[in-house]
Amino acid sequence: VSRAEEPESRIVEAWDRNAGPWTEAVRNQAVESRRVATDQAIVEEVLACPGRRVLDAGCGEGWLARRLAQAGLYVTGFDSSRALGERATTSGGARFVTLSYDEFELRADTLGTFDIVVCNFSLLGERTGPLLAALRAAAPAGRLVIQTLHPLASAGSLPYADGWREESFAGMPGQWQAMPWYFRTLGSWVDQVVSADWAIERLREPLHPDTGQPLSLIIVARAAT
Ligand SMILES: C[S@@+](CC[C@H](N)C(=O)[O-])C[C@H]1O[C@@H](n2cnc3c(N)ncnc32)[C@H](O)[C@@H]1O
């Protein structure tokens with residue numbers, strides 16, 4: 001498999017290609033789970049952490065960075081997609097840098113030092129260890145907040161086991177490029193975080209207000225000493 005065909009490269013490429021419809025979807029509040037629960041949940045969890053310097057890894061078009069900046073935090077967002085980065089920069093409100101996880105892993109001090117690092121639905125690949133370790137280096141006494149698809153709610157009818165899945169964005173308005181994503185069980189998420197030297201403080205599971213079903217999983221961890 002050539003590098004361009006690797007799932008991780010296809011994820012990066014798909015987000016750059018999907019920058020237009022994704023920005024529309026986020027800014028029009030087209031994703032119901034975000035509208036009814038997960039946006040508010042991630043904002044609350046970050047604001048509950050001590051400190052004001054935030055790094056938003058895989059920040060997309062920048063809504064979370066802007067929201068946290070409005071609440072008085074100093075936010076840097078980075079993302080591999082130049083097209084999303086342009087949209088984030090145009091909207092302003094925080095500092096945005098075009099940088100891939102691979103590049104960040106090589107120089108974890110390149111964006112500064114932080115109190116809180118946040119990944120909102122941005123850990124989509126199989127290899128998260130090096131990024132989580134680099135985020136640990138960038139926030140040596142800080143907190144890590146990850147929001148991701150809830151493993152139970154997103155397993156569907158497939159076996160509850162780690163593995164690659166395909167997202168087609170069916171039902172979303174506009175033209176989308178499909179992308180692979182890596183499904184993880186709850187145990188696998190815990191392993192990823194703990195192996196990178198983060199100590200988990202709590203898990204939170206935002207629910208759909210009407211159905212009571214879990215919409216996401218939030219992991220809050222602090223730098224292990
Ligand atoms: C589902 S979007 C979430 C965006 C944003 N965090 C939000 O909540 O709206 C996933 C984001 O992760 C970014 N991403 C995925 N793989 C990446 C990588 N290897 N390096 C940097 N960013 C990456 C994508 O470009 C995309 O913006």
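V145 stands opposite V220 of strand β9. The model is predicted: local features need pLDDT of at least 70, side-chain atom pairs count only at pLDDT 80 or more, and totals for chains, interfaces and linings use all residues. Residues are numbered from 1 along each chain as its sequence is written, and side-chain values use heavy atoms, with hydrogens and water left out.

**The sheet**

Strand β5 covers residues 143-149 and runs antiparallel to β9, joined to it by seven bridges. Helices (H or I, at least four residues) and strands (E, at least two) are DSSP runs, numbered from the N terminus. Two strands count as paired if DSSP finds at least two bridges between them. β5 also pairs with β4, here in the parallel sense and over five bridges. In that pairing C119 has I146 of β5 as its bridge partner. Strands of a sheet pair through backbone hydrogen bonds, either parallel or antiparallel.

Which strands make up the open sheet, and in what order? Its seven strands follow the order β3-β2-β1-β4-β5-β9-β8, and the pairing is mixed. At the edges are β3 (95-98) and β8 (198-204), each of which pairs on one side only. On average, neighbouring strands of this sheet are turned by 20 degrees against each other, direction ignored. Axes here are lines fitted to C-alpha atoms, for helices over the stretch in contact, and angles run from 0 to 180 degrees between N-to-C directions.

Six of the seven residues of β5 are buried, so this strand is largely enclosed by the rest of the structure. Buried means under 20% relative accessible area, exposed means over 50%, and partly exposed lies in between (1.4 Å probe, protein chains only). Helix α3 lies across β1 (53-57), β4, β5, β8 and β9, and runs at about 170 degrees to β5.

**The cores**

A nonpolar core is a set of buried Ala, Val, Leu, Ile, Met, Phe, Trp, Tyr and Cys residues joined through side-chain atoms within 4.5 Å. The largest such core has 38 residues, and V145 is among those with the most contacts inside it, together with W15, I42, V46, V54, L68 and M179. Elements that give two or more residues to this core include α1 (7-17), α2 (19-27), α3 (32-47), α4 (63-70) and β4 (116-120). A second, separate core has 27 residues, including F114, C119, V193 and A221.

In α4, the residues W63, L64, A65, R66 and L68 are buried. Just after α4, G72 takes a positive phi of about 100 degrees.

Residue A37 lies in helix α3 and is buried, with a relative accessible area of 10%. A37 and H208 are 171 residues apart in sequence, yet their C-alpha atoms are 6.6 Å apart in space. L186 belongs to helix α9 (residues 186-195) and counts as partly exposed, at 34% relative accessibility. L186 and D162 are 24 residues apart along the chain, with 9.7 Å between their C-alpha atoms.

| Residue | In contact with |
|---|---|
| A37 | P206, L207 and L215 |
| L186 | P151, Y160, L203 and L217 |

**The cysteines**

How many disulfides does a search of the whole structure find? The search finds zero disulfides, a disulfide being a pair of cysteine sulfur atoms within 2.5 Å. For C49, the closest cysteine sulfur is that of C119, and at 12 Å it is too far for a bond. For C119, the closest cysteine sulfur is in C59, at 11 Å, which is also too far. C49 counts as buried at 7% relative accessibility, and C119 counts as buried at 1%.

**The whole chain**

The chain has nine helices and nine strands. Its radius of gyration is 16 Å, close to the 17 Å that the globule rule gives for 225 residues, so the chain is as compact as a globular protein of that length. The radius is taken over C-alpha atoms, and the rule is 2.2 Å times the number of residues to the power 0.38. Along its principal axes the C-alpha trace spans about 45 × 40 × 40 Å. Of the 225 residues, 50% count as buried. Among contacts with a separation of 6 or more, 64% are between residues 24 or more positions apart.

Conventions. Contact means heavy atoms within 4.5 Å. Lists of a residue's contacts leave out its neighbours within four places in sequence.
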